Structure formats: C-alpha cells, structure tokens
Amino acid sequence: MYQKQIEQLIVLQQVDDEILILRDEIEQAPKELAGLESQMEKFTERRSQIDEKLDILNEQQKRLDFEIDEDAGKIKKSKNKLMMVGNTKEYHAMMREMDSLEKLNRMRDEEQVAVSEELVRQDEATANLTEEMSGVKEQYDALKTTLDERLAKAKKKLESLGRKRKKSCKAVPPPILGRYEFIRERMENPVIVPVTDGVCHGCHIMIPPQNYNELQEGQQILSCPNCQRLIYWKAHLEPELKEKPEKKAKAKPKAKAKAKAKPKAKAKAEK
Ligand SMILES: [Zn+2]
C-alpha cells in the first residue's frame with residue numbers, strides 16, 4: 001500500500017513536471033512571436049524615416065536641377081545679348097550679372113554633389129535595413145506557421161497529462177494528495193523526493209536518524225523535517241540500492257518495485 005502510494009506520487013510528480021514545461025512553452029511561444037513583431041515594427045519605423053529623408057533629398061536634387069537650368073538659360077541669353085550692347089556701362093553690368101549667375105550655379109553643383117553622396121548613403125542604409133528585416137521576417141513567418149501547430153500539440157498533450165494525473169490522484173489517499181498539492185503550491189518543484197544515505201534530495205540536508213528510521217520502515221508517508229517535501233527511501237523503490245539499514249530487522253524484502261521511478265540506477269545523491 002505504502003509502496004504503491006509512493007509510486008503514484010512519483011508518477012504524479014513526473015506528470016506535473018511535464019505539465020509545467022508545457023505550460024511554460026504555451027506561455028513563452030506567443031511572447032517570442034510578439035518580440036519579433038515589435039522588432040519588425042521598429043524596422044518599419046526606421047524604414048519610413050529613411051524614405052522621408054530620401055524624399056527630401058530627391059526634392060532638393062530636382063530643385064537644384066531646375067535652378068541650374070534656369071540660370072544657365074539666363075546666362076546663355078545674356079551672352080547673346082552681349083554682342084548687341086552699345087555702351088560699356090551696360091556691358092559691364094551684364095558681365096557682372098552673368099558672373100554672379102555662374103557663381104551661383106557653381107555653388108549649386110557642389111550642393112548637388114553633396115546631395116548625391118547623401119542619397120548613396122541613404123540607399124545603402126535602406127539595403128542594410130531590408131536585409132536585416134528579411135531575416136527577422138523569415139524567423140517570424142517560420143515561428144508563426146508552426147506556432148498554432150505547436151500550441152495545439154502542447155494543449156493536446158496537456159489534456160492527456162490531465163487524464164493521467166487524475167488517474168494517479170485516485171490512487172493516492174486524499175489527505176496525502178492534499179499535502180502534495182499544498183507543498184506544490186508553496187514550494188519549488190519537486191514535491192516528492194528520495195532520501196539516500198539519510199540525505200533529503202530536496203534540500204540536501206541530513207534528516208534526523210529517528211526520522212530516517214521511520215522512513216525506512218515504510219509505514220506512512222513522511223515529510224522532510226527541514227524542507228517539508230514528501231520523502232521516500234530510495235531503496236524502497238530500487239531495492240538494489242539497499243543501504244546497510246540502521247535498523248536491522250525491519251528490512252523485509254519489499255522488493256519487486258517495478259522500477260517505475262527513475263532509471264537512474266546507482267543514484268548516489270547527485271547534488
Ligand atoms: Zn528536505
């Protein structure tokens with residue numbers, strides 16, 4: 001009876017471990033997706049900033065083209081008129097005007113070079129951003145297409161674990177189950193732990209000899225006096241581990257433990 005209860009509690013513990021992992025996955029996956037989503041939003045924002053800059057630069061380029069053409073036309077006209085000018089004063093005035101128009105256009109040429117360079121830089125920035133974005137997008141798409149599938153699978157598994165859990169619960173007397181749930185709600189996993197060489201595997205502290213003796217008797221389910229977790233003597237489930245029992249007599253071969261626990265054969269208190 002005792003043995004069976006311990007076994008069922010361990011099954012319950014395993015089921016609960018799996019449930020925790022699945023719940024975590026169900027919770028984390030959408031967060032991961034949301035993270036990628038917000039990354040993409042930031043990319044889009046940066047992209048539109050670059051586009052805005054490109055618009056301004058192109059506008060500037062167009063304006064400069066127009067102004068250069070316009071003033072070049074004026075210069076050409078003046079050159080033609082120059083031949084027909086009668087007096088020197090008018091001639092000089094026209095020359096001065098042409099000079100200043102040419103100077104303006106030279107400045108515009110320089111400005112155009114600067115604008116072209118900036119356009120190249122912004123184009124490069126766009127290309128880089130596009131590349132980064134496509135990487136993230138790929139990740140996002142892959143995650144999104146598998147997410148629903150993964151979630152559905154996890155939920156299905158959860159349901160089957162829920163059924164398995166119910167079955168295990170039935171095999172454990174309500175007061176003990178109550179203790180199990182009580183500990184589970186208040187403490188970190190695991191709830192039920194083995195004891196080997198008198199050491200609790202939950203808190204790694206030696207339990208007092210009288211408790212250890214009682215535990216080895218295997219009459220009722222005990223808690224670790226230190227961490228309160230449910231404890232069992234590992235040798236009860238894996239008889240090949242049997243330590244030299246402090247209490248001689250009582251070690252009746254409660255043996256055939258279908259090593260339902262963990263296959264870790266010679267588990268020497270892995271700390
Ligand atoms: Zn403990």
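The largest nonpolar core has 24 residues. Leu-9, Ile-192, Val-195, Leu-230, Ile-231 and Tyr-232 have the most contacts inside it. Such a core is a set of buried Ala, Val, Leu, Ile, Met, Phe, Trp, Tyr and Cys residues joined through C-beta atoms within 7 Å. Buried means that 20 or more other C-beta atoms lie within 10 Å of a residue's own, C-beta atoms being placed from the backbone.

| Element | Residues |
|---|---|
| strand S1 | 192-196 |
| helix H4 | 209-217 |
| strand S4 | 230-233 |

H1 gives the largest share, five residues. Helices (H or I, at least four residues) and strands (E, at least two) are DSSP runs, numbered from the N terminus.

This is a predicted model: local features need pLDDT of at least 70, side-chain atom pairs count only at pLDDT 80 or more, and totals for chains, interfaces and linings use all residues. Residues are numbered from 1 along each chain as its sequence is written.

Four strands form an open sheet in the order S2-S1-S4-S3, with mixed pairing. Pairing requires at least two DSSP bridges between two strands. S2 (199-200) and S3 are the edge strands. S1 and S4 run parallel, joined by four bridges. Val-195 stands opposite Trp-233 in S4.

In H4, Tyr-212, Leu-215 and Gln-216 are buried. Seen down the axis of H4, they fall within an arc of 95° (from the directions of the C-beta atoms), so they line one face of the helix. Gly-218 follows H4, with a positive phi near 65°.

Notes: A residue is buried if 20 or more other C-beta atoms lie within 10 Å of its own, exposed if 12 or fewer, and partly exposed in between; C-beta atoms are placed from the backbone. Two residues are in contact if their C-beta atoms, placed from the backbone, lie within 7 Å.
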